[in-house]
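Open the model in your viewer and keep the selection tool at hand. The tour goes stop by stop: pick the residues named, then read what is there.

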Amino acid sequence: MLIGEVARRSGVSARMLRHYESLGLVRPSGRTGSGYREYSARDVRRIFHIESLRSLGLSLREIGRALDDPAFTPSALVGDLVARTRERIAAETELLTRLGRIEAADPGDWQDVLRTVALLQALGSKNPDARQRAVLSSGAEVPAEALVEAVLGEPEPNVAGALRWALARSADGAAPALLADALGSPVAAVRERAVRALVELPGAEAAAPLRDALTHPDPVVRASAALALGARGVADAVPELIDMVVAGRNDTDAADALSVLAADTATADRIATGLVGRLADDTTRAPARGRLTQALADIPGTTAEHALRALAKDEDRAVALTAAYLLRLRDAR
C-alpha cells in the first residue's frame, strides 16, 4: 500500500506520515521498484495505534516509548495523563469562570475589561492587604459571583468585613441565592461566612433564605439567622431565640432580640408563653431556668408578670431572687 492510499484510509496526511517516519515511529516495510514507500497491513495498524495514543494526549516521544519499550508499563503514564488532564480542565474552568464574571460586569470598552481583570486578580492575591485594598478602592461594579466566592473563602476578619460591605452595596441581585446555596456547604467555616454575609444584606431579598436557615442543622447558622430576623421584627425567629436562651448560646443577644419582638402585643404573649413553657419543663436545668427568668425581664404583658410572680416563690433561690428583683423593676416603671 503506497503512502497516498494509507493517508486516505487512515486520515493521516502524507506529510505527517513522513514526520512519523523521521522520528522512527513508523517504518514502511518496503519500497517499490521505483523507490516509493510501501506499507504493510501491520504498518497501517501501527499508524492507527499511534493516532489512538495521540488522542489520549500522549506526546510522540511517549508514544514511541509505549510502542517499542518491552518493559514499558502504561499505568504510570496513564496516571500522569489523568493528572495533566485534570490540571488542564481546572485551568479552563477557571478561565471560563473569569470570563463569565467579566461578562456579568457588562464592560463598555476594553478599559472596563482590563479594570475588571485587575480587580479579580487582586481579589485572588495571597496578600490580605492587597485583597482589602482591591475591595475598598474599586470604583467598578464587582460581579456578585466573584464577591460571594471571595467572601466564602476569606479567612482574614478585616478583609471579610470589607467584602461583606461591598456585597451589601452591590446592585447585583444574585447574591442572596448564591449565599443560600453556600449554607449547604459541608465546611462549617463556609456556612458561617455565608450566613454572616446574608445577615448584612439590605432589603427583603435576604429574608427568605434567613427564614429557611432557622431550621438549618448547624446551630451557628440558626443562631445568626434568628438574631438577624429578630432585629428585623420577624416573629418566626422566636422559637430559635428561646432555644438559644436555654442552651446559653448568645443568650444575652437572644434575650435582647426577644425584647425587640415583644413590642408587638401578640408576639409578646407568644414569647412569654414560650419562656414559661420551657421553665415548666422538667428537663430544663437550673442555669437555663435562670436565663429564662432573666429573659422575661423586658417582655411586657400579664403572662410574663404572672410568671415572674410565681417564680419569685421558686424553690431555686437564685431564680426566686432574680424574679423578685425583676418584679421590683417592673413595678417602678
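## Stop 1

Select Arg 164 and Glu 200. Their side chains form a salt bridge, with N and O 2.8 Å apart. This is a predicted model, so treat each distance as a property of that prediction. The bridge joins distant parts of the chain: Arg 164 sits in helix H9 (residues 157-169), Glu 200 in helix H11 (residues 188-200), and 36 residues separate them.

Now colour by accessibility. Is Arg 164 buried or exposed? Arg 164 has a relative accessible area of 10%, and because buried means under 20%, Arg 164 is buried. Glu 200, at 37%, is partly exposed.

Stay on Arg 164 and show its surroundings. Leaving aside neighbours within four places in sequence, Arg 164 is in contact with Val 151, Arg 196, Ala 197 and Glu 200.

## Stop 2

Next, select Asp 218 and Arg 191. They form a salt bridge, and the closest N and O atoms are 2.9 Å apart. This pair also links distant parts of the chain. Asp 218 lies in the loop between helix H12 (207-213) and helix H13 (219-231), while Arg 191 is in helix H11, 27 residues away. Asp 218 counts as buried at 10% relative accessibility. Arg 191 counts as buried at 15%.

## Stop 3: an exposed aspartate

Move to Asp 331 and Arg 309. Here the salt bridge has its closest N and O atoms 3.7 Å apart. Asp 331 belongs to helix H19 (residues 317-332) and Arg 309 to helix H18 (residues 302-311). The two are 22 residues apart, and again the pair links distant parts of the chain. How accessible is Asp 331? Its relative accessible area is 51%, and Asp 331 is exposed. Arg 309 is partly exposed, at 37%.

## Stop 4: a network

Select Glu 21, Arg 31 and Arg 37. Salt bridges link these residues in a network. Across the whole structure, a search finds 15 salt bridges.

## Stop 5: two packed helices

Hide the side chains and show helix H16 (residues 265-280) with H18. How do the two run relative to each other? Their axes come within 8 Å and cross at roughly 25°. Angles under 35 degrees count as roughly parallel, so H16 and H18 are roughly parallel to each other.

Bring the side chains back. From H16, select Asp 269, Ala 272, Thr 273, Val 276 and Leu 279. From H18, select Thr 303, Ala 304, Ala 307 and Leu 311. These residues meet between the helices. The contact of H16 with H18 is made of six nonpolar, two polar and one charged residue.

## Stop 6: the nonpolar cores

Finish inside. How many residues make up the largest nonpolar core? It has 66 residues. Select those with the most contacts inside that core: Leu 167, Leu 179, Leu 241, Leu 258, Leu 275 and Ile 299. A second, separate core has 18 residues, including Val 6, Val 12, Leu 53 and Leu 58.

Return to the largest core and centre on Leu 258. Which residues does Leu 258 contact, apart from neighbours within four places in sequence? They are Val 238, Leu 241, Ile 242, Val 245, Ile 271, Leu 275 and Ile 299. Among these, Leu 241, Leu 275 and Ile 299 are also on the list of residues with the most contacts inside the core.

Key:
Residues are numbered from 1 along each chain as its sequence is written. This is a predicted model: local features need pLDDT of at least 70, side-chain atom pairs count only at pLDDT 80 or more; totals for chains, interfaces and linings use all residues. Side-chain values use heavy atoms; hydrogens and water are left out. A nonpolar core is a set of buried Ala, Val, Leu, Ile, Met, Phe, Trp, Tyr and Cys residues joined through side-chain atoms within 4.5 Å. Buried means under 20% relative accessible area, exposed over 50%, partly exposed in between (1.4 Å probe, protein chains only). Contact means heavy atoms within 4.5 Å. A salt bridge is a side-chain nitrogen of Lys or Arg within 4 Å of a carboxyl oxygen of Asp or Glu. Helices (H or I, at least four residues) and strands (E, at least two) are DSSP runs, numbered from the N terminus. Axes are lines fitted to C-alpha atoms, for helices over the stretch in contact, and angles run from 0 to 180 degrees between N-to-C directions. Angles under 35 degrees count as roughly parallel, over 145 as roughly antiparallel, 65 to 115 as roughly perpendicular and the rest as oblique. Ala, Val, Leu, Ile, Met, Phe, Trp, Tyr, Cys and Pro count as nonpolar, Asp, Glu, Lys and Arg as charged, and the others, Gly among them, as polar.
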